[in-house]
Amino acid sequence: MEVKDINGFPHVKYDRETYEEDEALRRSSEFYEWMDKRRTVRDISDKHFPIEIIENILLTASSAPSGAHKQPWTFCVVSNDEIKSKIREAAEKEEYDSYHRRMSERWLKDLEPIGTDWHKPFITTAPYIIIVFKKVYETTEGEKANNYYVNESVGIACGFLLAAIHNAGLVTVTHTPSPMNFLSKILDRPANERPYLLLPVGYPEQDVFVPKLDRKGIDEIMKVY
Ligand code: IYR
């Protein structure tokens, strides 16, 4: 590996291959078509798979860029049935209140086509639940130091995570129980970590149906200047 000293810090040569136009066009189109097949699936089976798959998925997520390369994330992986049940019970309690009191009429109406409600069976059926925590600050030698662009960094890592789950032929749902402080308590996380997203990961149940969605076309999402 070629290493060079720049401003007193080691740098390695960037040696990724590049592609000619035709090849770049083909690859970008194929990648789009493959990513476009990713769907949120709420019916997740209890079929087991080795935790090494989760490890690879998490290493992929952790390859995301982050503010000052602080990698401000912790991924808690729950396979223990008792802990899953505790999380489901607490999540459903919050969700029940959300769906019955906290969410507006308009919000509930917007969710109708997707068919969600306060029941979250996937928390106990999926073999693994990943709870993503954002690390708001670090404590080194008793000194508190805030991390940078934490929401952006963790959001990008979660995007990588979704792509890695899709690549493994597994499915998930980006579940956002709200409020979700209960996750810090159940998982006994330190004060500098805040829950960000809950992702049950598993194989889809057989014969699953997902909402028929249209994705915005290029003219709706891109403005060229
Ligand atoms: N957090 C709830 C509600 C919910 C909100 C949105 I915006 C969705 O796109 C889907 C669900 C839940 O996880 O069910």
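This is a predicted model: local features need pLDDT of at least 70, side-chain atom pairs count only at pLDDT 80 or more; totals for chains, interfaces and linings use all residues.
Local features are reported at pLDDT of at least 70 and side-chain atom pairs only at pLDDT 80 or more, while totals for chains, interfaces and linings use all residues. Residues are numbered from 1 along each chain as its sequence is written, and side-chain values use heavy atoms, with hydrogens and water left out.

The ligand sits in the largest pocket. A pocket is an open set of points on a 1 Å grid over the protein atoms alone, where a 1.4 Å probe fits, with protein on both sides within 12 Å along at least five of seven lines. A molecule sits in a pocket if more than half of its atoms lie within 2 Å of the grid points. Helix H3 (81-102) and helix H4 (105-111) are the elements that give two or more residues to the shell around the ligand. Helices (H or I, at least four residues) and strands (E, at least two) are DSSP runs, numbered from the N terminus.

Glu-95, Tyr-99, Met-103, Trp-107, Leu-111, Lys-120, His-175 and Thr-176 surround the ligand; a residue is near a molecule if one of its heavy atoms lies within 4 Å of it. The shell comprises four nonpolar, two polar and two charged residues. Here Ala, Val, Leu, Ile, Met, Phe, Trp, Tyr, Cys and Pro count as nonpolar, Asp, Glu, Lys and Arg as charged, and the others, Gly among them, as polar.

A polar side-chain atom of Tyr-99 lies 2.8 Å from a ligand oxygen. For an N or O atom in the His-175 side chain, the distance to a ligand oxygen is 2.9 Å. For Glu-95 the corresponding distance is 3.0 Å. The protein covers 70% of the 370 Å² of accessible area that the ligand has on its own (Shrake-Rupley method, 1.4 Å probe).

Four strands form an open antiparallel sheet in the order S3-S4-S8-S7. Two strands pair if DSSP finds at least two bridges between them. Strands S3 (73-78) and S7 (171-172) are the edges, each pairing on one side only. Six bridges join S3 to S4 (residues 128-135). Val-77 stands opposite Ile-130 in S4.

Two hairpins were also identified. S1 (residues 3-6) and S2 (residues 9-12) pair antiparallel over four bridges. Ile-6 faces Phe-9 in S2. Two residues separate these strands, and Asn-7 in the turn has a positive phi of about 50°. S5 (residues 137-140) and S6 (residues 143-146) are antiparallel, with four bridges. Tyr-137 stands opposite Asn-146 in S6. This hairpin has two residues between the strands, and Glu-141 takes a positive phi near 50°.

Terms used. A polar contact is a pair of N or O atoms within 3.5 Å; within protein, one must be able to donate a hydrogen and the other to accept it, and residues adjacent in sequence count only if both atoms are side-chain atoms. On a 1 Å grid over the protein atoms alone, a cavity is a set of points where a 1.4 Å probe fits but cannot get out, and a pocket is an open set with protein on both sides within 12 Å along at least five of seven lines; lining residues have an atom within 4 Å of a point.
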